[in-house]
Amino acid sequence: MTISEGEPRRTFRQLVVYLAIGGIVFCIDIGTFQLVFASSSNAVLAATVAFALAVCVHFMLNRSFNFRNFERAIHEQARTYAIIAALSWLLTLLIIEIGMHLGLAALAAKIIAVVVNIPAGFFAHRYLTFGSGIAATIRARFLAAPEHVP
């Protein structure tokens, strides 16, 4: 696999847009978290509601304005996105629980969880959600026949 001349520039542009979208979604996520937590005092419920709303907004903005990949059907991309988001959600809950157990405020633990999820999310969404998908990537990377070099 070779990298084209414009690939690093394209990746950088996508990262910048991903971070900008992430900033918008971060405000939605934290605002919703604070609203639900203030009314329920349940950090897990607040994180789950906020995360669900943030995931929907994040998917649509990245699909439409950043990665702009429409080769796979939206339901296929959404399925891949949901798998990645579910793993991110579990990591978020783990970080919040550990952070609160260590004495952090729920919001501080939530912010740490967001920061931890950014790099993995970018690459997973770029190459899996808005790339060829999980199954195709696994087949291409690990199950493809080795190249024969004479």
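The questions below go from helices to surface and pocket.

Modeller: A caution to begin with: this is a predicted model.

Biologist: What makes the pattern of the protein chain α-α-α-α-α?

Modeller: The protein chain has five helices and zero strands. A helix here is a DSSP run of at least four residues. Read along the sequence, those runs give α-α-α-α-α. The C-alpha trace spans about 65 × 30 × 30 Å along its principal axes.

Biologist: What makes a residue count as buried, and how many residues of the protein chain are there?

Modeller: The cut-off is under 20% relative accessible area. Of the 150 residues in the protein chain, 35% are buried, so 35% fall under that cut-off. The protein chain exposes about 9,200 Å², and carbon and sulfur atoms supply 71% of that area.

Biologist: What share of contacts join residues at least 24 apart?

Modeller: A contact needs heavy atoms within 4.5 Å. Among contacts between residues at least 6 apart in sequence, 66% join residues at least 24 apart.

Biologist: Which residues lie nearest the centre of the largest pocket?

Modeller: Tyr18, His58, Ser88, Asn117 and Ile118 do, out of 26 lining residues. H1, H2, H3 and H4 each supply at least two residues of the lining. The largest share, nine residues, comes from H4.

How values were computed
Residues are numbered from 1 along each chain as its sequence is written. This is a predicted model: local features need pLDDT of at least 70, side-chain atom pairs count only at pLDDT 80 or more; totals for chains, interfaces and linings use all residues. Side-chain values use heavy atoms; hydrogens and water are left out. Buried means under 20% relative accessible area, exposed over 50%, partly exposed in between (1.4 Å probe, protein chains only). Accessible areas come from the Shrake-Rupley method with a 1.4 Å probe; for residues, only the protein chains shown count as cover. On a 1 Å grid over the protein atoms alone, a cavity is a set of points where a 1.4 Å probe fits but cannot get out, and a pocket is an open set with protein on both sides within 12 Å along at least five of seven lines; lining residues have an atom within 4 Å of a point.
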